[in-house]
Amino acid sequence: MKSKTSTPAHLLGCLALLLIPLFARAGEKPNILWITTEDISCELGCYGDAYADTPNLDALADRGIRYTRFFAESPMCAPSRATIITGMHNGPLGGSQMRSMHRVPESVRPFTAWLREAGYYCTNNSKTDYNLARDASGENQEFINEGWDQSGGQAHWRNRPEGAPFFAIFNYVNTHQSRASRDDYADFVDRVQSKLAPEQIHDPAKAPLPPHYPDSEISRKTVARYHDCITSLDNYVASLLGDLEKDGLAEDTIVFFYSDHGAGMPTGKACPSYYGLRCPLIVHIPEKFRNLAPREPVSVSERLTCFADLAPTVLNLAGIAPPEYMHGQAFLGENVADAPEYVLGSRDRMDETLETTRWISDGRFLLVRSYQRNVPADQQSLTSYYNGNGELCQEIRALKAAGKLTAAQKTYWSDTREGIRFFDCDADPWNLNNLAKDPRHGGRVKEMETALETFLLAERDLGFWPEPELEDAEKSAAAHDLARQPDKYPLERILETARSEDSALLTERLSDKDFAVRYWAVTGLAALGDEAKPALPKLTALIGDEAASVRIAAAALVADLDDSPEALDCLASELRGSNQWAACRAARQLELLGERARPKMDDMLTAFRERVVLAADQKKPMDIHDYGFRFSLITALTKLGHNPETEVLPLYPRGAVLNSLPHKEEETVEIRDGIFSGFKGATHPTLEVFLPEKAEGPTPAVVICPGGGYIRQVYRKEGTDIARVYNEQGIAAFVLKYRVPNDATMKDKAIGSLQDAQRSIQLVRENAAKWNVDPSKVGIMGFSAGGHVASTAGTHFKKDYIPNPEGTSLRPDFVILVYPVISMIDGITHVGSKANLLGPNPDEEMVQLFSNELQIDGDTPPTWLTHAGDDAAVPVANSVRFYNALIENGVPAEMHLYPEGGHGFVLKNPAEVWMASIFDWMKRSHIQ
């Protein structure tokens, strides 16, 4: 770690020295090949992992140098790649936030630009993701073009001019988190595992688990999957090195192998831990260039190295003096400096998860300084939208929701973290034992914290400049240069505020003249919980602050402490503002407020559709800001019962809901295991649209009515999950949130749900062209009490219970019933559904009218039914009587009865499995 300051004018004075060759002849320059991979730590055989299967990388290590103390800049890819391509730590550079594209000075160049000017042919195959831009627009192509002769999927050393030395990068993607732990397992099998020999596939039963992972089948399967990805990498390395041999270049080429940060696994990627920061590094230097290797021949090096060292090392190997602005030090070649005492780096915002964290290590000890303490140590696994698709992250979230985390797991997945964490990584590689307050290490902790802060101040780390204001500042100049003006960036005072846990000091600094100091004062108070309540008057005043970052942070804290409508108004208004980083922050805060953000649900839906859906409809590429914005709002709205990526239509115009009374009843969202389950007491009927991605012609359509005893609706499992399976079969699906019967909300509660079912069929038919639906193949499906809604729609269609000026047919073309409530007759009815629909003492006429097995005639639509014989909630007689009545009236019907399984039995099996007979029936019935 070097700490130097420099200005563009100073740098220009150094440029004349940069290209002085250290080699006498061009022919003596080595080729340099980088084989990089994504998202792995040191799970290789040569690093002592007995579970690994990496013979080719192990062989490369045997004939090269294996570095044991090599650290990523950040546990995230784009911030790390900013450091790799420039040789600068990303905090001072302005690249510490994930995909921020903040502006860098013109004097900062891709290190490969120096190689090209020295005659090297430079190729990149193919990832860039440098996180840097040349101007305030965020445009980065100029920076990329400066660095490469060829960048893309076809880039290769074989395209170089004859005789030219080359520098080539090949980046392997199939170890990425998406393959290793996040995306659908079938996708991993298709992309990765299917390419392995049977003997290369890892046995989950033998998978070694980190001590803080759940001891479960999912954990073992995920660890095995991750190792399969690494084995596929090993095969790729063998192929690439084979090409080098085949081309006769092996003896002329220095080969580097490393990963772009730590493991794409929980507490690895995006977590400032040893698992997230430590990377493999293997370098092979052929005998021809032995003079460029370390003086003492070694096969294992304990030299402390980091990503900032890569650029100056390559330049040094090529005989080019590294520019002065680089923070890193060359560790190979001639004129190698002594090893640094420390390496350091960052973890700032990733997509929607906000934090500002700095770390420093001497190779053994790791100190992590967190300036936000009211977030989990591994918030990405616990709260990010992207990670939420991973099976293991889902299991961890479920354990937390159930209060079943172990003490080791709470180290990473508690709701808060300590400001300083200090770990002995030799004794505790999983960083489970924080030694920051251990008096035996007090001197070392203080020394490392001082070294870290000295660097932050000397190099003017930009991670403490909130992004909304940083974006505005960069319209005039690169923030790297602006940060050197104390009046624009009083970093000393900012840092003092950011590390403070003193409520009095933080409250006083809410009035500071500098917006960044005010922002960090609010952030510090947010970590104090109820201790911040005395500051509420000052915090409330800051909701109108001129700085977006301040008013958003203040509004979020006030809303959390005081349920303030004014605070929610502030956050909602920022969603549609012109400053996109402000919109991202507001979206995240609304997400974290959860149910308290419900009053602003319509604002969130509107903003999402304007900023994300509309852009997608216009086929615009996703803006870098949109990742965090989109992820936060999807999570927030899903928890509130809406998927913003689908179209959700109100069944009736605003203020014109049929058969309604003025009321104060409120529907509520039900959450199970931390995720949206359904609705209780629904009063606002909607139709959610799910359309298949590809359809050659008009498709059949199904309106789905979830069950719930006419009091709630199991909207996800019996609604949206089912809709997506229909979509996979090329069938349009529409999930109906129907009103539940309630004398307080309806004039006639017995017909409210039927009205909603008829209205949904009407909407689908009248919008058939818009949704590419065949209007002659519109059916209805119902589960449990939703089965009563569906069977009522299928037997009461001869009367229009809704206005129908166009005379649209309200008869469903087919009916699908799953353990349905059919009858209201005592002895076979579902008691709760009957009472909720008809009241405690209905007259016999109403009982007969809504016992749908009695309403069947020859015009009743074809019907498919399923039920379990041991259903203790809704007796199987409901389905049997309905089926018999259909047959007696000559209506085509098919029924599947099972001896056991109970109520809801189909949900215990994958929908694709139990629904196969539905699709078969639809085909035989010429519906599909």
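Predicted model: local features only at pLDDT ≥ 70, side-chain atom pairs only at ≥ 80, totals over all residues.
Residues are numbered from 1 along each chain as its sequence is written, and side-chain values use heavy atoms, with hydrogens and water left out.

**Overview. The protein has 35 helices and 27 strands.** With a radius of gyration of 32 Å against the 30 Å that the globule rule gives for 928 residues, the protein is as compact as a globular protein of that length. That radius is taken over C-alpha atoms, and the rule is 2.2 Å times the number of residues to the power 0.38. Helices (H or I, at least four residues) and strands (E, at least two) are DSSP runs, numbered from the N terminus. The C-alpha atoms fill a box of roughly 100 × 65 × 50 Å along the principal axes. Of the 928 residues, 61% count as buried; here buried means under 20% relative accessible area, exposed over 50% and partly exposed in between (1.4 Å probe, protein chains only). Among contacts with a separation of 6 or more, residues 24 or more positions apart account for 75%, a contact being heavy atoms within 4.5 Å.

**View 1. Pro899 sits in a loop between a strand and a helix.** The loop runs between strand S27 (893-898) and helix H34 (911-914). Setting aside neighbours within four places in sequence, Pro899 is in contact with Gly869 and Asp870. Its C-alpha atom is separated by 9.2 Å from that of Asp871, 28 residues apart along the chain.

**View 2. Helix H31 and its buried residues.** Look along residues 831-838 to find the buried residues of H31: Ser833, Lys834, Leu837 and Leu838. They cover an arc of only 100 degrees around the axis, which puts them on the same side of H31; the arc is that of the directions from the helix axis to the C-beta atoms. As a reminder, an α-helix has 3.6 residues a turn, so residues three or four places apart point the same way. The buried residues of H31 pack against helix H28 (749-766), helix H30 (785-795) and helix H32 (844-849). Just after H31, Gly839 takes a positive phi of about 90 degrees.

View 3. Most residues other than glycine have a negative phi, and most peptide bonds are trans. Arg99, in the loop between helix H4 (90-93) and strand S4 (102-103), has a positive phi near 45 degrees. This arginine counts as partly exposed, at 23% relative accessibility. Ala270 also has a positive phi, near 75 degrees, and is found in the loop between strand S9 (253-259) and helix H10 (274-277). At 2% relative accessibility, Ala270 counts as buried. Finally, a cis peptide bond joins Asn125 and Ser126, with omega about 0 degrees; Ser126 lies in the loop between strand S5 (121-125) and strand S6 (132-133).

**View 4. Thr523 is a buried residue of helix H20.** The helix spans residues 515-526, and Thr523 counts as buried at 9% relative accessibility. Leaving aside neighbours within four places in sequence, Thr523 is in contact with Tyr371 and Gln372.
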